[in-house]
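Please examine the sequence and the model before reading on.

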Amino acid sequence: MKPKIGVFSIIGLVALAMLIAAGQAVIAAEQAAEYPSLPKELIIKRGFTPDALRCIECHAKKMPGIVEGWKASRMSHAGVSCYDCHVVKKTSPMASQCEGIKGSQIFISPMVSSKTCSRCHPQEVEQFLKSGHGKLATAAVMDPAKAGGKLIKLQFWYEGAAFMDGIKLKWNTGTPVGSKPYMRASRASGCQMCHGTTVELGPDHKPINQTWPGGVGTRYPDGSVGTCTVCHTRHKFSIADARKPEACGACHLGPDHPNIEIYMESKHGQNYLVHGEEYKWDSPPEAWEPGDYLAPTCATCHMSGIGDLATTHNVQERLKWDLMHKKSVVRSGARGDGVKGEKLMRKVCANCHGPTHTKTQRATLNYAVELYNKYWDGATKMAAELKAKGLLGPDPWQDGFQELMYYLWHHTGRRARQGAAMNAPDYAHWHGFFQVFQLYQDMVNIYDRRMKTGKIEPYSPVISSAPY
Ligand code: HEC
Ligand code: HEC
Ligand code: HEC
Ligand code: HEC
Ligand code: HEC
Ligand code: HEC
Ligand code: HEC
Ligand code: HEC
């Protein structure tokens, strides 16, 4: 049962708002008498210790942008400040001292993981860590074991251009032994800003090797995981921001997972584009319901409380299928529980659609998955036969058949599946199944030719920046 916001908490909220307003008025009146032009930042003095106040006051001069963001946050009004999130124990591997506190007994870190938030928000952090946004997200780009080291090789050897210098790299760590700083630039500016990174520290306990800041699943030197600011942009940490599709669009976009594009094209996105400004975005947690909005955003379907569903920070919870990997299967194990996911997602739709509508949508998704899997199985069969005859090149990025096979699942196949799942006809069809079938037929042609001639064609017929 979803804990609805009760009468008491509504009274509490109103009372709190009145208290804050009254308190501010008193302070403002007192200060206005003392100072003819009232500096804004004096209002924040309520409820902070002298140590915490020093951080705020000095940083208001040195980094006003950060302090302004924080002042606009709910947490600042609840007395949570720089001190609560950035001060660490002297013994922390991340402990250092900024100019303003040198020589004191206070230690800080610019790195703040989900562990800090878990002191006050344990439930959100626990759910988050169970989802793909936790460990799995970083594993995808940092663990050499992932795909037999292929991704690490892609990031450093190919994209990092180590092949041009013929530098031998050892693949046993996240940052390969022997790599030069420029070889990390592609990963640091790309993959790791979405997925996360493993932060490496120098002797001064500050991050090195371009391993910070990082994306959603970032692994910190104290063993903690996760960056909550990817959706709750700092230093405002707002739920209203996180409920908007733009919060997800920073990472869920582009040719390989165009979720924001898919959304904007759907009827739901159309309603958001036309009426979003009239939606009520800042209802308290668990109390954001249809009426505050007419059509769902990403958060509504994947995270927010709606009807009798409670808010979750585990984005796997409402999913049936795995729509990102080579073959789509019902989710299980570390990827969630697809049987339960199906039931929960249907409950989301039921708030605004009748049973016939939802049944049709879910059936179409199931058939779209079956159709895509048929192509994938055909491709795998051809690949196995070519391999048995020694007709797959050693370098998958220079072999036309394997290049097309990559685009088949990673780009066009994902667009077809995810377009169908989230109701975007253009992605399901023109960027999806239409291109799936085209790629597939090109693969068949290459397969036939190789089987007939017993040779791999000397140059890849695929232009790597292909429109796939
Ligand atoms: C609710 C917790 C929280 C509060 C309060 C908070 N921060 Fe942060 N801060 C964070 C998080 C989270 C990050 C991102 C850290 C990361 O990516 O590892 C961050 C990052 C930073 C950074 C490094 C990033 C950059 O842009 O340079 C600085 C500096 C910083 N905060 C200063 C402050 C100051 C000054 C205050 C007080 C006005 C403050 N913070 C209040 C959580 C907080
Ligand atoms: C008297 C001014 C002053 C005070 C007080 C002060 N700071 Fe700073 N802080 C600075 C300056 C200047 C910098 C940038 C130069 C540096 O890192 O030393 C900085 C940097 C930082 C950074 C970023 C470090 C980095 O590596 O990028 C954080 C985080 C931070 N301070 C947090 C705090 C916290 C938390 C407090 C209170 C416990 C505090 N500061 C007190 C002036 C101050
Ligand atoms: C010392 C306790 C404390 C810490 C640490 C803390 N929070 Fe909070 N947080 C609070 C309190 C208290 C509120 C409720 C404020 C209110 O509703 O008035 C809150 C509210 C929030 C909200 C809801 C804001 C809104 O718009 O309603 C978000 C999001 C949030 N915190 C995220 C974080 C994140 C992310 C971190 C870690 C970087 C963090 N918090 C660390 C105490 C904390
Ligand atoms: C900083 C980047 C980033 C942001 C912002 C982000 N995500 Fe993700 N998301 C990822 C990555 C990376 C993955 C893939 C994780 C993996 O490797 O399994 C992912 C996976 C997912 C999945 C699949 C879950 C799973 O466990 O397999 C869903 C659903 C999802 N995100 C929804 C959202 C929603 C909704 C939002 C916004 C409210 C959002 N994401 C914001 C990066 C992000
Ligand atoms: C713009 C943000 C972004 C960038 C840059 C990015 N990814 Fe992703 N990646 C995602 C998202 C979002 C997903 C989840 C896709 C889905 O659910 O369909 C994902 C999924 C994946 C997956 C499948 C999930 C898993 O755990 O197996 C792998 C592997 C992966 N990415 C590796 C990489 C690598 C390697 C790079 C850099 C060469 C990279 N990504 C660059 C956002 C990004
Ligand atoms: C993928 C995006 C995303 C990430 C990552 C994320 N949040 Fe949230 N968070 C949201 C959304 C969306 C809501 C609003 C849910 C609703 O509508 O009730 C929310 C709400 C909250 C709230 C308000 C209370 C509640 O549970 O509704 C807190 C506190 C919070 N988040 C803390 C965190 C912390 C701590 C982390 C890091 C572990 C985190 N969030 C990471 C999207 C995110
Ligand atoms: C109308 C509800 C709805 C909205 C709005 C919505 N989604 Fe989805 N999403 C779904 C459904 C349904 C699925 C497929 C679930 C299943 O497997 O049964 C899905 C699947 C996904 C996946 C695929 C996970 C995988 O297996 O690879 C990601 C990632 C995702 N959504 C992210 C987003 C993002 C980001 C947005 C906003 C830009 C968004 N969604 C908007 C309902 C929605
Ligand atoms: C908050 C309410 C809300 C939720 C939740 C919601 N929808 Fe919708 N949906 C709408 C509205 C409003 C429209 C626009 C109706 C129209 O075309 O006039 C719409 C339209 C659609 C359409 C376009 C076809 C049509 O009927 O015109 C599809 C498909 C769809 N929704 C599927 C879903 C699915 C599947 C879910 C659950 C995963 C879902 N919706 C959840 C409100 C919602």
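Q: Why does the distance between the end C-alpha atoms of helix α19 agree with its number of residues?
A: This is a predicted model, in which local features need pLDDT of at least 70, side-chain atom pairs count only at pLDDT 80 or more, and totals for chains, interfaces and linings use all residues. Residues are numbered from 1 along each chain as its sequence is written, while chains are lettered from A and ligands numbered from 1 in the order in which they are written. Helices are DSSP runs of H or I with at least four residues, numbered from the N terminus, and the expected span is 1.5 Å times one less than the number of residues. Helix α19 has 34 residues (355–388) and should therefore span 50 Å, which agrees with the end-to-end distance of 49 Å.

Q: Which elements are included in what covers the buried residues of α19?
A: A residue is buried if 20 or more other C-beta atoms, placed from the backbone, lie within 10 Å of its own. In α19 the buried residues include L365, Y372, W376 and M382. Their cover includes α20 (400–421) and α21 (425–453).

Q: With which residues is L408 in contact, leaving aside its neighbours within four places in sequence?
A: L408 is among the residues with the most contacts inside the largest nonpolar core, which has 49 residues. Such a core is a set of buried Ala, Val, Leu, Ile, Met, Phe, Trp, Tyr and Cys residues joined through C-beta atoms within 7 Å. Contact likewise requires C-beta atoms, placed from the backbone, within 7 Å. Under the stated exclusion, the partners of L408 are Y375, A379, G413, V436, L439 and Y440.

Q: Which element gives the most to the shell around ligand 1?
A: The shell around ligand 1 has 23 residues, where a residue counts if its C-beta atom, placed from the backbone, lies within 6 Å. With 4 residues, the element that gives the most is α5.

Q: How many residues of the shell around ligand 2 are charged?
A: Of the 18 residues around ligand 2, the nearest are C55, C58, C98, E99 and G100. The largest share, 6 residues, comes from α2. Ala, Val, Leu, Ile, Met, Phe, Trp, Tyr, Cys and Pro count as nonpolar, Asp, Glu, Lys and Arg as charged, and the others, Gly among them, as polar. By class, the shell has 10 nonpolar and 3 polar residues, and the number of charged residues is 5.

Conventions: Helices (H or I, at least four residues) and strands (E, at least two) are DSSP runs, numbered from the N terminus. A residue is buried if 20 or more other C-beta atoms lie within 10 Å of its own, exposed if 12 or fewer, and partly exposed in between; C-beta atoms are placed from the backbone. Two residues are in contact if their C-beta atoms, placed from the backbone, lie within 7 Å.
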